[in-house]
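Open the model in your viewer and colour it by chain. We will go stop by stop, selecting one group of elements at a time.

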Amino acid sequence: MSNNKTNPKTILMQGNEAIARGALAAGLDFFAGYPITPSTEIAEICSVELPKFGGKFIQMEDEIASISAIIGASLAGAKTMTATSGPGYSLMTEGIGFAKMTETPCVVVNVMRGGPSTGLPTKPSQSDIMQARWGNHGDAPAIALYPNSVSESYELSIRAMNLAEKYRTCVVLLSDEVLGHMREPIELPDLSQVKIVRRITPTKPPEWYQHYPDNPKYPMPKASFGEGYRFHVTGLSHDSKGFPTNRADETKILMDRLRNKIAYHIDDIVQIENYQMQDAKIAIFAAGISSRAAKEAVMMARKRGIKVGMMRPLTIWPFPDAAVRKFLGDKKAIIVPELNEGQLSLELKRVMGGIWNYEIRKTKKIEEIHRTDGLLITPDQILKSIMEVK
Amino acid sequence: MQKISQKSIHKYLRHDKKFPHVWCPGCSNGIVLGAVIRAIAELDLKKDNIAMVSGIGCSSRMPVYADFNTLHSLHGRAIAYATGVKMYKPEMDVVVITGDGDATAIGGNHFIHAARRNIDLTVILINNYIYGMTGGQYSPTTPHGDKATTTPYGNIDPTFDICKLAIGAGATFVARTSAYHAVETQSFIKQAFKHKGFSLVEIISACPVIYGRLNKKGDAPTMMKQMKDDVIPIKQYEKLSPEQRVNKQTRGIFINDTEKMEYTLAYQELIDSLKVPKGDSNE
Ligand SMILES: Cc1ncc(C[n+]2csc(CCOP(=O)(O)OP(=O)(O)O)c2C)c(N)n1
Ligand code: SF4
């Protein structure tokens, strides 16, 4: 593949490759991973590309080791990623919690396949949506992005790397077996025009340096190992210098910071797409691969004169609460097609609260389409639902 | 051996907020911390250039007291975290502090694979025969028949010889001694730091408050004396009959192989081999 930096040009690329190339464009220089279908191509491409410019690739003994290694490398100054699928993601959750707690940037790609357990290794699924939010123990907010095309896989891979760096946390990039393996034309951007969040090295003398300042602005200066700052990192509750603490006041500051750095920047983090929503009476709420069938269904319904639109979250976590209320609040019915047993729709109901309590407002409806047999939801299936609720 | 004064040790400790430490009176962990620092001082390694990485356990609490780049990671994972640090910054001296449970139970997989790769980590494994931090459950090194809170009727598990495990897995510097032999501990750690490749120093140590009490081993000085008698040089051990060998442990350097390629060097060679030769870049 030729990577032409100056003239954008269209080439054919696989979804997984787009994730790897996007991360590389965003400055990825350390990747540790363990092979698993359907994510393996990401590791393979990184093993080819990274050493070419002095970056590092290592295949670890398992996924726990992989996430551990990228966190270690990130603390030493690297921009890091690992990629996996459900079974590996389960193993990575302890490290994801550690990265969130220690505010260490890293990106974990989960190319979703059918579950639970070993499930359907070569079939798509969207059943790790909730795991991306609640996978680690303890309260910690999540950032998770989910593209729906090859070119968006590239863009969101860059964005995931940037958000991880900016907000000093583990960002999850979701994909699925179909998205990861399909090939589409993609126009590579002029890299000089792409915004990359780089690590800002502190200018304060080491004695004054705090790895966890109380009133942070993002992005902020951040020291790495070996730069003279000699800070401490622990998964225990810690104070502004990173030293362990049991104190309630210091722990509260830490927990507030972890929550607020996401909560106060929702507008910066959340991205949605609205398609034909202006005059829509019925809305489809769909993400990732299912949103492609949804878009198709919207077009089919419009041809029949039915006013349907689609709202698609590109940022799954934090959930776009405000946008959902704003754009979906007045719809007659909302259809939620997803390759799981109702994970997005559960969240939708949480946000809509009483409106969707059928006892209170019988006229409004959430129509759920679930599929967990390894096959995709088809546009016809969604169209059928549209005809039912219209 | 150069004498490192108590005062110069303080140069390597953190003073803000970090003392008193969490260890019980008579615990060997402090002796090992002292030995690590003395070895570092003797070698004149730069504090800024040292990363000290640990897992979870009493022993793994060590990094917070030491004035280096310190990472107190997760139970069993110290070596995996350290692998990331070392791979990304091979110029740093990366030392891992771990316990018998941390390194060989939950972290066993990372331990053997880092040894196999021969990545240049200096692993200091404090073997107190027990899970100290969680209050005395048995570990892979708890001797057969001993008491732990989860072996109330005596331990039926066979044990590991950690050094043999490391050698079998491919480690290139492997040594064992005890915390009683503090000077030897310091010397082995120093050699381990100097060694280019995966090095392991296993230090048999005393946990008088938990292991000692559960097994009626006496107070801390008594346990120290026991280590003096039971942890013996390899040559001396070899002369003993099988009956005499019961309860005895060997100390010494088991392997010091400088031939095997170190992992980060191998990766650097790979990087160098991919560099496009000058004048050849326009295909
Ligand atoms: C994943 C996980 N499992 C269990 C524990 C509980 N735990 C903390 S320390 C420890 C054992 C420590 O034993 P060892 O490594 O021998 O160190 P020591 O405390 O004896 O120095 C255990 C089981 C934990 N922290 N994390
Ligand atoms: S419990 Fe044992 S190992 Fe832990 S600090 Fe006390 S004496 Fe040391």
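Select β10 of chain A together with strands β1, β2, β3, β4, β7, β8, β9 and β10 of chain B. In this predicted model, they form an open sheet of nine strands with mixed pairing. Read across it in the order β10(A)-β2(B)-β1(B)-β3(B)-β4(B)-β8(B)-β7(B)-β10(B)-β9(B). Now go to the edges: β10 (232-234) of chain A and β9 (231-233) of chain B. Each has a single partner strand, so one side of each is left without a neighbour in the sheet. Across the sheet, neighbouring strands are turned by 20 degrees against each other on average, direction ignored.

Zoom in on one pair. Strands β7 (residues 173-178) and β10 (residues 249-256) of chain B run antiparallel and are joined by four bridges. Pick B:Val174; its bridge partner in β10(B) is B:Ile255.

Helix α4 (residues 86-102) of chain A lies across β10 of chain A and β2 (69-72) of chain B. Helix α4 of chain A runs at about 135 degrees to β10(A). Then select helix α9 (residues 220-230) of chain B, which lies across β7, β8 (199-204), β9 and β10 of that chain. Its angle to β9(B) is about 30 degrees.

**Ligand 1**

Now check distances from oxygen atoms of the ligand to the backbone:

- B:Cys58: a polar backbone atom at 2.7 Å.
- B:Met133: a polar backbone atom at 2.9 Å.
- B:Gly101: a backbone N or O atom at 3.0 Å.

The protein covers 74% of the 590 Å² of accessible area that ligand 1 has on its own.

**A sheet in chain A**

Move to chain A and select β11, β13, β12, β15 and β16, in that order across an open sheet with mixed pairing. The edge strands, β11 (272-275) and β16 (365-370), each pair on one side only. The twist averages 20 degrees from one strand to the next.

Strand β15 (residues 333-338) pairs with β16(A) in the parallel sense over six bridges. Here A:Pro337 stands opposite A:Ile369.

Finish with two helices, α10 (residues 288-303) and α11 (residues 321-328). Helix α10 of chain A packs on the sheet, touching β11, β12, β13 and β15, at about 165 degrees to β13(A). Helix α11 of chain A touches β11, β12, β13 and β15, at about 175 degrees to β13(A).

Methods:
Residues numbered from 1 in each chain as written. Chains lettered and ligands numbered in written order. Predicted model: local features only at pLDDT ≥ 70, side-chain atom pairs only at ≥ 80, totals over all residues. Heavy atoms only, no water. Pairing = 2+ DSSP bridges. Axes fitted to C-alpha atoms, helices over the stretch in contact; angles between N-to-C directions. Contact = heavy atoms within 4.5 Å. Polar contact = N/O pair within 3.5 Å; in protein donor to acceptor, adjacent residues only side chain to side chain. Areas by Shrake-Rupley, 256 points an atom, 1.4 Å probe, with all protein chains shown as cover.
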